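Hi,

Here is the structure I promised to pass on. Have a look, and my notes follow below.

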Amino acid sequence: MTQQPHINGHANGHSNELKRVVVTGGLGYIGSHVVVSLLLTGQYQPIVIDNCHNSYPEALNRCAEIARDELGPDAPQPILHNVDLRDAEAVEGVFSEYDSVGGIWAVIHLAALKAVGESGEIPLSYYRVNVGGSISLFESMAKHNVQNLVFSSSATVYGVPEVIPIPETTHIDAASCYGRTKAMVEDIIRDLCKIPKKDGQSSLRAVSVRYFNPAGAHPSGKLGEEPRGKPGNLLPLLAQMAIGREKSALKIFGTDFPTPDGTCVRDYLHIMDLAYGHVLSLNALAVPPTQKNIFSNCDAETGSFRAFNLGKGKGMSVLNMIDAMRKATGYDYKYEIVGRRRGDVPDLTADPSLAEKELGFVANKNLEEMCRDLWNFQTRHPNGYGSP
């Protein structure tokens, strides 16, 4: 199924003013906030590819509504293609559809299965979706001469890092199946970025953004994290428990990690800060090769590939997050301590200084704002997007 409300980009045309950007997984939590951030620039036309496995098309309607609220009736509008990346023919069809109107300029690739614990239980599904789906996407990009890519990677590629906060120079040694799929796709992208062209430029220019734990929601309360079924991430689970939607017991997976309170420490950043990091990466790709850009110092061995950490540089433990959500919601959380999950590592805190220096990225929003915006979205949607 293809939904095309405004194939020309703006509600009233002006397609030539916009760069078309395919956003895979654009209905998901991170993807939808990336889409709305792209729309609000007034420079990009998001072309969403999503199979609705863990998301709802309503999210895209909210993105369009927010854009109209802030930019007026002529705001760019997104386009949805209900396509699974594992269906290579269908993916090819999406790219072909835009050849006659100027083609696709770039891809932001977010679509993936993403639960660390689950990945150890169904590894073949994770490799088929995350790696196999990426190959289908990259084949279509190559065929249609799409040379700009932002890849949604993960801090899990670092495994158990020796240095905290984690710099991008840290050895890649993922401790989970999920992390290994992300590291494998990064390897594929690196190889593609090394393919020489006749003019001396690589055939692909790519930025891999390795990020940590997104949290919060759009400040309007219209857009947030709304997975199908029980949330796999801590904060939306806490929000659904507080609203009375999730009845199962809260479990803490291990209190014997080498951290201040024994629970895992993660670098939480507001979803809008993270989404803007994707836009900044895309903007960096728009700088032509003839000008100084983020690839200017790359050699032939590196190719036109860069990786950046997106985070706040400050870690928060599981117990810290429960306490913060208790303050935001007023709900008294009860929890059960159980054994560690396979693939969990003690501390994933970013060193985001390189992204600040080269992309201009700064995660400005604090933990209180993350919890406030999440709770605002949850109270406005106690039963999800599609329920009264």
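**Helix 5 and helix 6**

Helix 5 and helix 6 run roughly parallel to each other (angles under 35 degrees count as such). This is a predicted model, in which local features need pLDDT of at least 70 and side-chain atom pairs count only at pLDDT 80 or more, while totals for chains, interfaces and linings use all residues. Residues are numbered from 1 along each chain as its sequence is written, and side-chain values use heavy atoms, with hydrogens and water left out.

The axes of helix 5 (residues 123–143) and helix 6 (residues 177–193) come within 9 Å and cross at roughly 20°; axes are lines fitted to C-alpha atoms over the stretch in contact, with angles from 0 to 180 degrees between N-to-C directions. Their crossing is right-handed, meaning that the near helix is turned clockwise from the far one by less than a right angle.

Which residues meet? On helix 5 they include Tyr126, Val131 and Phe138, and on helix 6 Met184, Ile188 and Leu192 are among them (contact means heavy atoms within 4.5 Å). By class, this contact has 13 nonpolar, three polar and one charged residues (Ala, Val, Leu, Ile, Met, Phe, Trp, Tyr, Cys and Pro count as nonpolar, Asp, Glu, Lys and Arg as charged, the others as polar).

**The whole chain**

The protein chain has eleven helices and 15 strands (DSSP runs, H or I of at least four residues and E of at least two, numbered from the N terminus). Its mean pLDDT is 92, and 94% of its residues reach 70 or more (pLDDT is the predictor's confidence in each residue, from 0 to 100). Over residues 1–14, pLDDT stays under 50.

Best wishes

Note on methods: Angles under 35 degrees count as roughly parallel, over 145 as roughly antiparallel, 65 to 115 as roughly perpendicular and the rest as oblique.
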